[in-house]
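User: Hey, I'm new to reading structures. Can you walk me through this one?

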Amino acid sequence: MRAYWCVFRMRRRMELQYRGAALGGFICQLFFGLILIALYRALYAGKPQAVPISHISSYVWLQQAFFRMLLATDPDLADKIRTGSIAYDLCRPLHLYTYYYVRILAQKLVGSLLRAVPMLAVACLLPEGWGLASPAGASALLTSLPALFIGLLCVSALENITMAFTMRTLDPRGMQALLNMLMMVFAGNILPLTLFPDSWQPIITRLPYAQLLDAPIRLYTGDYAASAAPGILLLQSAWTVALAAAGLLFWRVNQKRMVVQGG
Amino acid sequence: MNTIRLYCRSMGLQIRSQLQYPASFLMQTLAQLVMEGGEFMALMLVIDRFDRLNQWMPGDLFFFYGLMSVTFYLTECFGRGITGAFPYMIRTGQLDTLLVRPRGVLIQVFCSAADPRRIACIAVGVASMVLGSIQARIAWSLPKALLLLESIAFGFLLILGLFLIEASLVIWSVKSVELTNTLTYGGRSACDYPIDIYPRPLRILFTVVAPFALVLHVPAAWILGKPLYGWPAWAAFLCPLAGAVSFGLFYALFRRALRHYRSTGS
Amino acid sequence: MSYITVEHLRKTFTVRKKKDRGFLAREKTTVEALKDVSFTVKQGELVGYIGPNGAGKSTTVKVLSGILTPDSGAVRIGGRVPWLERKEHVRRIGVVFGQRTQLWWDVPLLDSYDLLREIYRVPEADFRRRMNELSEALDLGSLLRTPLRQLSLGQRMRAELCGSLLHCPELLFLDEPTIGLDAVSKLALRDFLQWENREKGTTILLTTHDMEDIAALCRRVMVLGHGSKLFDGALEDLYARYRNALPVQELTVQYPNIDHVIAAMYQELGL
């Protein structure tokens, strides 16, 4: 257990080392958020939608704030896979899946917390319709927090599968870019899922990608009623368990193959 | 003349180098196609839901998007040395090997990298432009075609110039260089759409500081037969020159920074 | 008439260190890489430039090759000031960085050389003549159609040398050229450098840690330490002067480790 905790602390220290870069990245993301909201406001001016603009602006800010939860590729890990030095990790007395799961989780948690706190603080200060609106109610807030946490567990499980998958290809960059794009589109980062065509909603909201950020955000804004929350949390948990199981299986197959190949 | 030949030969070597690994190249090109395709899909979904953006019809929006994409990715394809490799060369001290050769630094950096994978993104951009041109029923004429070329060429210069800011800041060892992404990638994203939908500060930013509006949007609006900023027709031909002015200014900044280059590494 | 004149060369770097606490606070410290270095080199000389890591060797080479601008001091090489007339200057010099490549990784050597010909604007006929000469002297013949990535370290260094000498420079800087090479490759490299120096009259400035390189190639050595020139003269004189400082086991070696000598110098100067 202590070993896993150490991984966690190390990541935090590494993240803190790049404060200057983080500041630049933060301002850049703030800027992207503003641009997106300006665009949606202009679109809404022509044709208002059932989902109010204040929900959309909240959606954008929450996506920006937790961006690092979705997309935070670990360059060390990717390099390890490419150079084959991942073989060292195979010799460690740790459960490999858990080790990587913790590593990914730590990076996503620390990265998104460092980004989310200042981002949400700034977003709260922006005027109504531009910034982050308060949650739809106490129950909305109370259900969106566990949903966000399950989303974090879910995205870590998902990334661990990606990792196992890319271990099999010699040059993981192409595959990673492809999977990342899929995630960005269907997690609602490029365009809020609420603005996808209505006929798509039954499908896209049930995909694992929607469980990461879209579900917690919709609970927060009230697009999902509080009464629907148990069902949503259940769906999220089900995907998390399924993805973790699939990842575990994948890693086991990989490990066997590597042992056979002699590293 | 010799410089152009040098550039062409360098590009030839670059492309040959990358084709040494055909499977990886193909995979990455495909990934680029999916990435750019995803962005384009978002635009289509937006149009599907909202039908129009102020006075801009779907065809106009496709055309704007395509023009930006083509210009930006052409720059990344052929100017990769400046848009990608340059800051890395400064950080690692690799720039030394260029400084000991009797050619301009910028020319050599320009020659030092290419990104042929971007061809996939350029293809998506061209498709978007063609789609926009058909939907908006653009009546193409020689002046319009020339203006389009002018716009892309000066857009190329503008984007190179913006990336020079990053290189300059890296030399001055400014820590928050990611800030320049607001101008480069942020500008690219923002100016996928016509500039007049944004609030005034953003419009000023993309007209004066990073004049995408003058270089790309005014010509595009003229080609589409729509007014933008109420400029007269001759202005459409003059505005793209702003790209050259920006490049000149940022290049001067870069020259000043280069004097502080300290060649890290052994 | 000396070919290289260096007078009172100074170069400082400011290093920003992060403080332990505080969000954006940085401490600035100044590091003197070169403090008042002067020397001259005659045309056709082969000079060894030695000193421990961080002594200022690389900084000197970088100033002399026009990469860095010094804080103060005068440098003239063949009548030119490197950092003021960079292009004119570098046209006439060649530089080999031991740990950096100027050749292309994935294409045959010949294509890299062809591009260098373009960069230095070497006429086609001159290029072909020089190429023949170098590929024979460096034994590159069969490698010219091989990409760099497939070459061994020794072959790679020979290829680098060829690339740096294609334009017939009057002056060649070599920064740790034999690092990591096996004995056979080292010997071949030394033979070649002697040949180039003798046949072409190329002035060569060599920085290295390898005393055998120095002993085999250079009549004259300059020792640099803490940014100052500590010694300038023949290698035998250097050893003769500091013989007492050498530990017993080093006395029987033909070329004792230079670190002992430098340590003795530091002690003498109270550094």
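This is a predicted model: local features need pLDDT of at least 70, side-chain atom pairs count only at pLDDT 80 or more; totals for chains, interfaces and linings use all residues.

User: How many residues of chain B are in contact with chain C?

Analyst: 34 residues of chain B are in contact with 34 of chain C (contact means heavy atoms within 4.5 Å).

User: And how many salt bridges are there across that interface?

Analyst: The rule finds six between chain B and chain C, where a salt bridge is a side-chain nitrogen of Lys or Arg within 4 Å of a carboxyl oxygen of Asp or Glu. Asp111(C) forms one with Arg16(B), and their closest N and O atoms are 2.8 Å apart.

User: Switching topic: how do H3(A) and H7(A) run relative to each other?

Analyst: The axes of H3 (residues 53-65) and H7 (residues 96-125) of chain A come within 8 Å and cross at roughly 150 degrees. The two helices are therefore roughly antiparallel (angles over 145 degrees count as that). Axes here are lines fitted to C-alpha atoms over the stretch in contact, with angles from 0 to 180 degrees between N-to-C directions. Helices are DSSP runs (H or I) of at least four residues, numbered from the N terminus.

User: Which residues make the contact?

Analyst: H3(A) brings Trp61(A), Leu62(A), Gln64(A) and Ala65(A). From H7(A) come residues including Arg115(A) and Met119(A).

Note on methods. Residues are numbered from 1 along each chain as its sequence is written. Chains are lettered from A and ligands numbered from 1 in the order in which they are written. Side-chain values use heavy atoms; hydrogens and water are left out. Angles under 35 degrees count as roughly parallel, over 145 as roughly antiparallel, 65 to 115 as roughly perpendicular and the rest as oblique.
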